[in-house]
Amino acid sequence: MTCDSFARRWWPLFGAAVFSCSLAACGGGGGGGGAGTPREELPGEGEPPPVREVRPLPTSHAALPAASCEAGTDLDGGRSYRVEMPSRVDGAAIVFQVFEPRTLDCTTRHPLILEGHGFAGSRQTTAGSSFSGPVAQLVEAGYAVISIDQRGHGESGGTVRVMTPDFEGQDLIQIVDWAEAHLDYLAYAPDDDGLDNLRLGSVGASYGGGFQYTLYSMDPDRRLDAMVPHITWNDLSYSLSPGDAVKSYWGLFLSAAGDLGSGLSMDPLLRATLVEAAVSNVMPDSAQDFLSYSGLAYSCGNPRDLTLLSAPGTGDYALDPLLQLLAPLTGGGRYVVSQPPGELYPVDVLMFQGFRDSLFTFNEAYRNYQCLSALGGDVRLLTYPFGHHYFSPNVGFVLETVQGLPTLLGELPDLAQGNLDAFAGCGGVDATAATLAWFDEKLRSKGSADDVITSGRDVCLTMTYGDAVTVPEVTVGGQPFALAGPAGLPVTALSGAAGALPTLVPLGSVTEEAVLAGIPTLSVTLTDPLAMLNPLEEVLLDPLLCNDVIRGLLGPLVDPLRCSQTTPPLLVLKGDDVILFAGIGIIRAELIPGVPLPLPVPELIDEQVYPLRGIGTHEVMLEGIAERLHPGDQLFLMLYGVHPTFVGTFSRDLLTITVGVEGEVKVPLLTADGRAALPVSAIGAPLL
């Protein structure tokens with residue numbers, strides 16, 4: 001940090017007299033947007049400037065000395081070097097890579113961009129050009145970049161805690177503190193308090209998107225000015241257990257991938273949460289609290305009402321002793337909510353989300369979008385046909401690829417080399433170009449992002465590769481359809497393994513070109529036609545397994561299997577813990593334009609389902625979807641008893657096979673350009 005920037009930030013701690021001479025010698029200093037802001041022009045002159053907390057930095061070790069405008073050293077630019085320092089939280093190693101701008105300019109100075117990797121990944125040591133981490137392009141454009149090994153990943157120490165404010169959040173604040181203390185070529189601009197604030201941006205996908213929201217909500221100095229998060233979450237408890245049904249596939253995948261990619265650095269609590277929830281068919285409240293602590297939702301609404309210093313342990317976990325044998329020696333099985341929800345502020349955000357993503361769905365981006373837009377910043381939401389579904393069972397991906405072949409054929413050479421940039425765009429908006437334009441406008445007051453982000457302030461919704469519409473707002477709900485079977489008969493769906501093939505509830509057809517784009521809603525009541533058999537459970541099984549003698553001998557085994565009082569049993573004879581998975585489906589008149597289908601084959605749109613757990617009434621938002629419709633296409637509500645995203649999570653009541661379903665679904669049907677609701681006259685009766 002230069003003497004000028006140090007003086008302006010920490011003046012009140014040392015007194016004006018000490019620094020009066022130094023200020024005269026140092027001159028103006030850096031400002032935002034490439035313009036210096038002399039100290040005498042700052043607001044509130046004549047009054048003591050506000051005080052910021054001074055957070056001591058431990059000794060760091062850098063592979064190269066930092067370039068310095070003040071000392072006039074190493075100003076050629078373009079270098080990259082490794083930095084390591086101990087975490088202020090627990091001493092664990094924090095490792096990151098500094099990329100200097102290609103050409104250093106000590107007059108205009110340089111904004112800083114933080115880049116983060118995906119889960120089980122690591123930092124960039126050579127400048128890459130991926131759309132989610134375009135370090136090479138940013139360096140060429142005049143930005144300084146720090147690429148981070150997140151806690152427990154790469155060369156950084158500690159255990160993986162999935163972006164908790166207590167650990168990863170504090171490490172991220174420390175990295176920005178380090179940058180301010182050691183990189184005197186960074187750009188600053190006055191903030192609302194009259195203090196020169198670092199010009200700071202961030203970019204990354206998935207886990208690399210989650211770190212941005214953690215830093216934004218937890219940094220007491222509110223230094224993050226512009227973000228570009230891709231395919232990331234709002235609330236991890238929703239991501240992994242929507243509607244109290246566990247996304248077992250993703251829990252098991254992330255547990256295995258996390259340990260493999262981080263060298264068994266998954267925190268025991270996290271591992272137990274993911275694995276045991278998949279086995280037990282339910283995620284305990286304490287585990288959901290732990291996950292909800294690590295996302296923007298905690299600071300924007302705090303949906304689980306987390307309170308400071310609450311400290312749930314792992315007593316809920318039936319398999320805890322076994323899993324602790326597999327745990328690393330570091331880390332622990334408890335957590336404490338020690339950070340209050342952050343005080344959010346207006347920030348400029350360009351967010352991208354994938355519609356086919358079954359881990360972090362469109363709804364998560366929509367909730368982030370709602371929260372941040374309400375604060376007054378420039379917040380944009382764009383989507384593309386890319387996401388975590390590439391790592392999941394996905395029949396629809398094959399169908400989408402067939403439909404997108406005309407667009408994808410020209411991109412095959414790049415795709416064959418692992419370049420996925422062809423997938424990262426909304427209509428004509430390229431994600432990499434949009435990222436550079438976003439940072440140029442927001443951090444340097446250079447150009448207009450709208451020259452590249454041609455969707456403007458509208459939401460850009462992707463139908464498939466190369467096909468998108470812009471909408472003034474996201475439609476939640478839409479055209480209502482009453483649920484009825486053939487000839488108006490009541491709907492009966494199959495639960496559990498019997499429902500591997502979906503029950504199709506016809507909704508209607510379209511008679512003209514249209515799009516289905518937004519978030520459907522479902523108001524439905526589930527009933528059990530065999531409820532009179534529920535007493536069989538107590539009559540037949542309770543005396544055999546849950547008596548005092550058997551529980552005394554085999555308690556650790558039978559309690560989680562059958563007799564637990566806190567979680568649903570793994571297997572029962574008859575009960576009311578039914579689970580259905582609801583999504584919107586389509587039977588196309590033509591899969592490829594001009595080629596009629598020989599058979600009516602239903603397709604689950606964007607592979608999105610939402611669980612309905614338990615007998616009774618459910619008022620839910622289904623997951624967001626986007627699809628172009630052609631005349632003759634027919635829509636259905638699809639009800640599954642099992643689904644690959646929730647593999648292992650299904651009704652384990654052996655005799656609860658059929659479920660009565662009544663209610664209505666509302667579907668966001670829009671005109672072909674997405675600008676208005678589809679007229680009722682363009683919606684026909686079901687054809688099948």
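Which residue does S509 stand opposite in β31? The legends below get to that, after a word on the model.

This is a predicted model, so local features need pLDDT of at least 70 and side-chain atom pairs count only at pLDDT 80 or more, while totals for chains, interfaces and linings use all residues. Residues are numbered from 1 along each chain as its sequence is written, and side-chain values use heavy atoms, with hydrogens and water left out.

**Figure 1. The whole chain, with 17 helices and 31 strands.** Helices (H or I, at least four residues) and strands (E, at least two) are DSSP runs, numbered from the N terminus. Of the 688 residues, 56% are buried; that word stands for under 20% relative accessible area, with exposed over 50% and partly exposed in between (1.4 Å probe, protein chains only). The protein chain exposes about 26000 Å², and carbon and sulfur atoms supply 59% of that area. Accessible areas come from the Shrake-Rupley method with a 1.4 Å probe, and for residues only the protein chains shown count as cover. Take the contacts (heavy atoms within 4.5 Å) with a separation of 6 or more: 77% of them are between residues 24 or more positions apart.

**Figure 2. Strand β18 and its two partners, β28 and β31.** Here is the reply to the opening question: S509 stands opposite G684 in β31. Strand β18 covers residues 503–510, and seven of its eight residues are buried. Six bridges tie β18 to β28 (residues 634–640), running antiparallel, and T503 has L639 as its bridge partner there. With β31 (residues 683–684) there are two bridges, again antiparallel. As for the cut-off, two strands pair if DSSP finds at least two bridges between them. Strands of a sheet pair through backbone hydrogen bonds, either parallel or antiparallel.

**Figure 3. An open sheet of three strands, in the order β27-β19-β30.** The pairing is antiparallel. β27 (625–629) and β30 (669–671) are the edge strands, each pairing on one side only. From one strand to the next, the twist averages 25°; axes are lines fitted to C-alpha atoms, for helices over the stretch in contact, and angles run from 0 to 180 degrees between N-to-C directions. Three bridges link β19 (residues 514–518) with β30, and V515 has L670 as its bridge partner in β30.

**Figure 4. S202 in strand β8 (residues 200–205).** S202 is buried, with a relative accessible area of 0%. Its side chain makes a polar contact of 2.7 Å with the side chain of Q212. That term takes a pair of N or O atoms within 3.5 Å; within protein, one must be able to donate a hydrogen and the other to accept it, and residues adjacent in sequence count only if both atoms are side-chain atoms. Leaving out residues up to four places away in sequence, S202 touches, among others, I113, L114, L224, M227 and F439.

**Figure 5. Helices α8 and α12.** Helix α8 (residues 268–280) has 13 residues and spans 17 Å from its first C-alpha to its last, close to the 18 Å expected; the expected span is 1.5 Å times one less than the number of residues. Because 12 of its 13 residues are buried, α8 is largely enclosed by the rest of the structure. R271 and E276 are among those buried residues. After α8 comes N281, with a positive phi near 75°. Helix α12 (residues 362–373) has 12 residues and reaches 16 Å, close to the 16 Å expected. Nine of the 12 residues of α12 are buried, including N363, E364, Y366 and C371.
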